[in-house]
Amino acid sequence: MRIGESIAEAVVREVREETGYEVEVTGLTGTYTNPKHVMAYEDGEVRQQFSIAFTARLLGGEPRTSSESKRVEWFHPEDTHDLPMHPSMRMRLAHALSGGPVYIG
């Protein structure tokens, strides 16, 4: 997030910058942490990473890659079952598609 930016504004900006898509945030899927996922930096700083996952509605834009994305595509939920992805990303997607309560873990 940038100073003066809401979390929803940050999501919209990051999606635009990394994918070329314009979206509207529609909800919160969950918060995700893994105590075993620790990042150690050369300057000695150590952090435990976490992520916050949101749902969004596609408004427009044209797909494009960035320094943070190698490939950009928009999929309908029914077309995601056979996509190769890390288990942690699969879990986030399953939570988003389930429409269940916000995940905290």
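Predicted model: local features only at pLDDT ≥ 70, side-chain atom pairs only at ≥ 80, totals over all residues.

## How the strands pair

Let's start with strand β1, which covers residues 21–40. Strand β2 (residues 46–61) pairs with β1 in the antiparallel sense, and 14 bridges hold that pairing. Tyr21 of this pairing has Gly61 in β2 as its bridge partner. Five residues sit between the two strands of this hairpin, and Gly44 takes a positive phi near 95 degrees there.

β1 also has a parallel neighbour: strand β3 (residues 103–104) is joined to β1 by two bridges. Here Gly30 is partnered with Tyr103 in β3.

## A nonpolar patch and Leu28

Now for the surface. Met1, Ile7, Leu28, Phe50, Ile52, Val102 and Ile104 together make a nonpolar patch of about 720 Å². Leu28 is a handy member to follow, and its place is in strand β1. Its relative accessibility is 40%, so Leu28 counts as partly exposed.

What does Leu28 touch, leaving out residues up to four places away in sequence? The list is Ile52, Ala53, Phe54, Thr55 and Val102. Take Ala53: Leu28 and Ala53 are 25 residues apart in sequence, yet their C-alpha atoms are 6.2 Å apart in space.

## Two aromatic pairs

The model has two aromatic pairs. In one, the ring centres of Tyr21 and Trp74 are 5.3 Å apart with the planes at 70 degrees, so the pair is edge-to-face. Tyr21 is in strand β1 and Trp74 is in the loop between β2 and α2, so this pair ties together parts 53 residues apart in sequence. Tyr21 counts as buried because its relative accessibility is 9%, while Trp74, at 41%, counts as partly exposed.

Tyr32 and Tyr103 form the other pair: their ring centres are 4.9 Å apart and their planes are at 20 degrees, so the pair is stacked. It links distant parts of the chain, with Tyr32 in strand β1 and Tyr103 in strand β3, 71 residues apart. Is Tyr32 buried or exposed? At 3% relative accessibility, Tyr32 counts as buried, whereas Tyr103 has 28% and counts as partly exposed.

## Out in the loop

One last stop is Ser67, found in the loop between β2 and α2 (87–98). Ser67 counts as exposed because its relative accessibility is 81%. Along the sequence Ser67 and Glu18 are 49 residues apart, and in space they are 7.6 Å apart, C-alpha to C-alpha.

Methods: Residues numbered from 1 in each chain as written. Heavy atoms only, no water. Patch = residues over 30% accessible without salt bridge, like charges linked within 9 Å, V, L, I, M, F, W, Y side chains within 5 Å. Areas by Shrake-Rupley, 256 points an atom, 1.4 Å probe, with all protein chains shown as cover. Salt bridge = Lys/Arg side-chain N within 4 Å of Asp/Glu carboxyl O. Helix = DSSP H or I, 4+ residues; strand = E, 2+ residues; numbered from the N terminus. Buried < 20%, exposed > 50% of the residue type's maximum accessible area, 1.4 Å probe, protein only. Contact = heavy atoms within 4.5 Å. Pairing = 2+ DSSP bridges. Phe/Tyr/Trp six-rings, centres within 6.5 Å; stacked < 30°, edge-to-face > 60°.
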